[in-house]
Amino acid sequence: MTVDLIFEYFHAPYRHFKNRGCFIRAIAEKGFSMLYDSMTENLPGVENIKEKLSLIGLGYVQFSLKHPGLYRMMFATTGSAKCRMSKAELESQSNLPPSFLLLSDTIKEGIEKGVFTHLRQKEATIAAWAFVHGLSSLINDSMVAGFPGLELTDEAVFRSISTVLFNGL
């Protein structure tokens, strides 16, 4: 759902929220739900952990390209200051976006199955998230346009680049 759709279906939708910040937070929460759906869309039946991670990452990047405005807004902190979570809420894992937990749980599964023998879950999760988030931001901001012939929306190229995450430089 985009902001345009919200305004199409609700007259003055912000009136249903405590303040503008809470309205923006609600839109971001919907965005994270959509992101999760994109990240899990191709996972049914996939058992290989590296393949799972690759598909999760691909879903992340594809979501960011399909919904660039929503994607940016989801990670922006301005405008939602009056509706921020308390310190206790922030420290509770139950308040992490499901998309982040999916990534973390998949890495944990890989560690438990011996696929990743040299990784620690928290650091590996942040590294994987930074990779897909950074790549998404670079593509959306047209910062990789200087690489002729490289189409980063193509699944094969994404998989090729993501091997750097799995194998290192």
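Predicted model: local features only at pLDDT ≥ 70, side-chain atom pairs only at ≥ 80, totals over all residues.
Some ground rules come with the model: local features need pLDDT of at least 70, side-chain atom pairs count only at pLDDT 80 or more, and totals for chains, interfaces and linings use all residues. Residues are numbered from 1 along each chain as its sequence is written, and side-chain values use heavy atoms, with hydrogens and water left out.

The protein has eight helices and zero strands; these are DSSP runs numbered from the N terminus (helices H or I, at least four residues; strands E, at least two). Of its 169 residues, 36% count as buried, meaning under 20% relative accessible area with a 1.4 Å probe and protein chains only, while exposed is over 50% and partly exposed is in between. Take contacts (heavy atoms within 4.5 Å) between residues at least 6 apart in sequence: 67% of them join residues at least 24 apart.

Helix H2 (residues 20-40) reaches 31 Å from its first C-alpha to its last, close to the 30 Å expected for 21 residues; that expectation is 1.5 Å times one less than the number of residues. Its buried residues include Ile24, Ile27, Ala28, Gly31 and Leu35, and those five also turn up in the contact with H4.

| Pair | Axis distance | Angle |
|---|---|---|
| H2 and H4 (residues 68-75) | 9 Å | about 115 degrees |
| H6 (residues 98-112) and H7 (residues 121-140) | within 9 Å | roughly 130 degrees |

H6 and H7 cross right-handed, whereas the H2 and H4 crossing is left-handed; left-handed means the near helix is turned anticlockwise from the far one by less than a right angle, and right-handed means clockwise.

On the H4 side, H2 meets Leu70, Met73, Met74 and Phe75. That contact divides into ten nonpolar, one polar and no charged residues, while H6 with H7 has eight nonpolar, three polar and two charged. Nonpolar covers Ala, Val, Leu, Ile, Met, Phe, Trp, Tyr, Cys and Pro, charged covers Asp, Glu, Lys and Arg, and the others, Gly among them, are polar.

Trp129 sits in H7 and is partly exposed, at 30% relative accessible area. Beyond its neighbours within four places in sequence, Trp129 touches Tyr60, Phe75, Phe100, Leu103 and Gly134.

Technical notes
Axes fitted to C-alpha atoms, helices over the stretch in contact; angles between N-to-C directions.
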